Amino acid sequence: HRVSPRARWFWATRALLAWLVVGGIQVVILLNTHRPDAIPIGIIVATGVLAVAHIAVMPAWRYRVHRWEQTPTAVYTQTGWFTQERRIAPIARIQTVDTHRGPIEQIFRLTNVTVTTASAAGPLHIKGLERLDAERLVAELTDRTQASADDGT
């Protein structure tokens, strides 16, 4: 399954906010120094070009990569954009299933699901789901985990 199409807007907004902080720091340094060469204009222009490229390319790229699937025996995730990662968690190894929604995600009506397992690699994260999809996934994984004869360790 793909994540919500709104995840693209969330990723773009989050990137925009980060680039505004970087640009703001550069402007503050430029305005508070008496040396006009403190931050060359070329660096500010390069920052702007990188920001526009990042905000334009990254969300669509991540949307094409991010996937998740739930089967009767496992949960699968695929994430990333430059570095891509595929993870599989057998249902029998699941210990907890949680949801999380940050302030910006709430604006975009997105929910994240965290599937914690006994793996040393850490939990699986499924980010950018529609709220109802996340609630359904959590309920189904909880039911399947409880029905499993193993203890998740």
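A: The part to look at is helix H1, and the place to begin is its cover: the buried residues of H1 are covered by elements that include H2, helix H3 (103-107), strand S5 (110-117) and S6. The model is a predicted one, and the description that follows should be read with that in mind.

The buried residues in question are Ala7, Phe10, Trp11, Ala12, Ala15 and Gln26 of H1. As for its length, H1 has 27 residues, which at 1.5 Å a residue should span 39 Å, and this agrees with the 39 Å that separates its end C-alpha atoms.

Another side of H1 can be seen at Leu20, which is found in this helix, residues 6-32. Leu20 has a relative accessible area of 52% and is exposed, because the cut-off for that word is over 50%. Together with Leu16 and Leu17, Leu20 makes a nonpolar surface patch of about 260 Å².

H1 also takes part in one of the 3 salt bridges that the structure holds. Arg6 forms this salt bridge with Glu130, and the closest N and O atoms of the two are 2.6 Å apart. Since Arg6 belongs to helix H1 and Glu130 to strand S6 (residues 124-130), the pair ties together parts that are 124 residues apart in sequence. Glu130 has a relative accessible area of 24% and is therefore partly exposed. In general, side chains of opposite charge can pair when their charged atoms come close.

Glu135 pairs with Arg131, with the closest N and O atoms 3.3 Å apart, and both residues lie in helix H4 (residues 131-147), where they are 4 residues apart, about one turn of the helix. Glu135, at 42% relative accessibility, counts as partly exposed, and Arg131, with a relative accessible area of 46%, is partly exposed as well. Asp133 and Arg136 also meet through their side chains in a salt bridge, at 2.7 Å from N to O, and these two residues of helix H4 are 3 residues apart, again about one turn. Asp133 is partly exposed at a relative accessible area of 29%, and Arg136 counts as partly exposed at 45%. An α-helix has 3.6 residues a turn, so residues three or four places apart point the same way.

It remains to follow H2, one of the elements that cover the buried residues of H1. Helix H2 (residues 41-65) has 25 residues and reaches 35 Å from its first C-alpha to its last, close to the 36 Å expected at 1.5 Å a residue. A kink of about 30° lies at Met58 in H2, shortly before the proline Pro59. Met58 and Pro59 are both among the buried residues of H2, which also include Thr47, Ala51, Arg62, Tyr63 and Val65. The buried residues of this helix pack against H1 and also against strand S1 (67-70), strand S2 (74-80) and strand S3 (84-90).

Between S1 and S2 there is a loop, and Thr71 lies in it. Thr71 counts as buried because its relative accessibility is 16%, which is under the 20% cut-off. Leaving aside residues up to four places away in sequence, Thr71 touches Tyr76, Ile91 and Arg144.

Key. Residues numbered from 1 in each chain as written. Predicted model: local features only at pLDDT ≥ 70, side-chain atom pairs only at ≥ 80, totals over all residues. Heavy atoms only, no water. Patch = residues over 30% accessible without salt bridge, like charges linked within 9 Å, V, L, I, M, F, W, Y side chains within 5 Å. Areas by Shrake-Rupley, 256 points an atom, 1.4 Å probe, with all protein chains shown as cover. Salt bridge = Lys/Arg side-chain N within 4 Å of Asp/Glu carboxyl O. Buried < 20%, exposed > 50% of the residue type's maximum accessible area, 1.4 Å probe, protein only. Expected span 1.5 Å × (residues − 1). Bend = angle between axes of the 7 residues up to and from the residue. Contact = heavy atoms within 4.5 Å.
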